[in-house]
Amino acid sequence: MGILDKKVSLVTGAGSGIGRAAALKISAEGSKVIVSDLNESAGKQTVDLIEKRGGSAFFIKADASSAKDNEMLVNEAVKHFGGLHLAVNNAGVGGPSAPTGEYPIEGWDKVISINLSGVFYGMRYQIPAMLKAGGGSIVNIASILGQVGFANAPAYVAAKHGVVGLTKNAALEYSSQKIRVNSVGPGFINTPMIENNLTLEMRTGLVSMHPIGRLGEPDEVAEMIVWLGSDKASFVTGAYFAVDGGYLTK
Ligand SMILES: NC(=O)c1ccc[n+]([C@@H]2O[C@H](COP(=O)([O-])OP(=O)(O)OC[C@H]3O[C@@H](n4cnc5c(N)ncnc54)[C@H](O)[C@@H]3O)[C@@H](O)[C@H]2O)c1
């Protein structure tokens with residue numbers, strides 16, 4: 001028996017990093033999983049990993065920054081597995097690195113459309129499906145940068161602060177209808193997002209910002225996601241949970 005038995009879950013950006021770790025752990029706890037990503041081969045690899053471990057998963061390609069894709073994704077998920085109980089809005093990008101006065105406009109538009117509008121579009125279609133299913137849980141992946149600034153990342157910081165606010169709003173609106181909505185704020189986590197965008201020197205510098213003395217692992221974030229998605233978190237809604245090795249204590 002897992003803590004997500006009989007549930008149907010949807011994870012965006014599930015082809016890599018935190019999303020893949022979440023999809024695997026959600027499956028290990030007994031849920032069927034809709035794996036979604038823009039990257040088809042990466043998403044299908046996650047499905048393979050789940051199936052090899054005896055779980056049940058299905059891949060649907062969708063662009064998180066498209067309202068139409070989010071609508072299609074939820075419709076197809078419900079069609080395939082018969083409902084929706086847990087949604088993890090995780091797809092995200094880092095974006096360019098530049099100060100606000102020099103930030104590329106197209107970089108701003110891209111980061112906001114995936115990291116912020118993507119979460120709104122997700123919830124816009126997930127909530128009606130969850131109401132039909134009799135309730136559910138939404139976990140939005142924010143960041144420590146949803147609480148504090150970080151030089152040269154204005155779009156990312158603005159988007160993640162927005163995710164924390166959107167989460168509170170949806171929680172306020174739907175918690176009385178059995179939909180809980182929470183956000184998770186990872187510190188810097190060892191995923192391709194970090195590995196591909198930062199030099200070894202920059203990564204070493206980041207370690208010193210985490211009192212625990214290392215970066216996090218995707219599995220450590222997935223633990224929080226699974227708990228929030230489960231009935232163990234039945235009185236938890238509208239909240240922000242840091243999984244950050246103490247980053248925000250400073
Ligand atoms: N890695 C970190 O240090 C860190 C820290 C805090 C928050 N986060 C957040 O966690 C989430 C996952 O990050 P990660 O580190 O696992 O990244 P990652 O790059 O390893 O994985 C992101 C996944 O999202 C997918 N994706 C990108 N754009 C998409 C789109 N438009 N539509 C659908 N899928 C798309 C990618 O194909 C990829 O599979 C992001 O929201 C990120 O902002 C990451």
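The following questions and answers walk through a predicted model.

Student: How are residues numbered, and what confidence do the features need?
Tutor: Residues are numbered from 1 along each chain as its sequence is written. In this predicted model, local features need pLDDT of at least 70, side-chain atom pairs count only at pLDDT 80 or more, and totals for chains, interfaces and linings use all residues.

Student: Is V8 buried or exposed?
Tutor: V8 is found in strand β1. Strands (E, at least two residues) and helices (H or I, at least four) are DSSP runs, numbered from the N terminus. A residue is buried if 20 or more other C-beta atoms lie within 10 Å of its own, exposed if 12 or fewer, and partly exposed in between, with C-beta atoms placed from the backbone. V8 has 24 C-beta neighbours inside 10 Å, so V8 counts as buried.

Student: Why is β1 largely enclosed by the rest of the structure?
Tutor: V8, L10 and T12 point one way from β1. S9 and V11 point the other way, and all are buried. In a regular strand the side chains alternate between the two faces of the sheet. β1 is largely enclosed because the buried residues number five of the five.

Student: Which residues does V8 touch beyond four places away in sequence?
Tutor: Contact here requires C-beta atoms, placed from the backbone, to lie within 7 Å. Leaving out residues up to four places away, V8 touches S31, K32, A77, F81, G82, G83, L84 and H85.

Student: Which hand does the unit of β1, α1 and β2 have?
Tutor: A crossover is right-handed if, with the strands pointing away from the viewer, the path from the first strand over the helix to the second runs clockwise. β1, α1 and β2 make a β-α-β unit, and it is right-handed.

Student: In β4, what is the bridge partner of S9?
Tutor: β1 and β4 run parallel, joined by three bridges. In β4, L86 and V88 point one way, A87 and N89 the other, and all are buried. The partner of S9 is L86.

Student: In β5, what is the bridge partner of A87?
Tutor: β4 and strand β5 (residues 136-141) run parallel, with four bridges between them. Together with α4, they make a right-handed β-α-β unit. The partner of A87 in β5 is I138.

Student: In β6, what is the bridge partner of G136?
Tutor: β5 and β6 pair in the parallel sense over six bridges. Strand β6 (residues 179-186) is mostly covered, with eight of its eight residues buried. β5, α5 and β6 also make a right-handed β-α-β unit. G136 is partnered by I179.

Student: Which residue of β7 stands opposite V184?
Tutor: β6 and strand β7 (residues 240-243) run parallel, and four bridges join them. In β7, V184 faces F241.

Student: What is the separation of the C-alpha atoms of E102 and N152?
Tutor: E102 lies in the loop between β4 (86-89) and α4 (105-133). E102 is exposed because 9 other C-beta atoms lie within 10 Å. N152 is in the loop between β5 and α5 (154-174). The two residues are 50 apart along the chain, yet their C-alpha atoms are separated by 9.3 Å.

Student: What is phi of N152 near?
Tutor: Most residues other than glycine have a negative phi. N152 is a residue other than glycine with a positive value. N152 counts as partly exposed, with 14 C-beta neighbours inside 10 Å. Its phi is near 75 degrees.

Student: What is phi of K6 near?
Tutor: K6 is found in the segment before β1. With 10 C-beta neighbours inside 10 Å, K6 counts as exposed. Its phi is also positive, near 70 degrees.

Student: Which residues come nearest the ligand?
Tutor: A residue is near a molecule if its C-beta atom, placed from the backbone, lies within 6 Å of it. There are 28 residues around the ligand. The nearest are G13, G17, G92, T191 and M193.

Definitions and conventions: Two strands pair if DSSP finds at least two bridges between them. Two residues are in contact if their C-beta atoms, placed from the backbone, lie within 7 Å.
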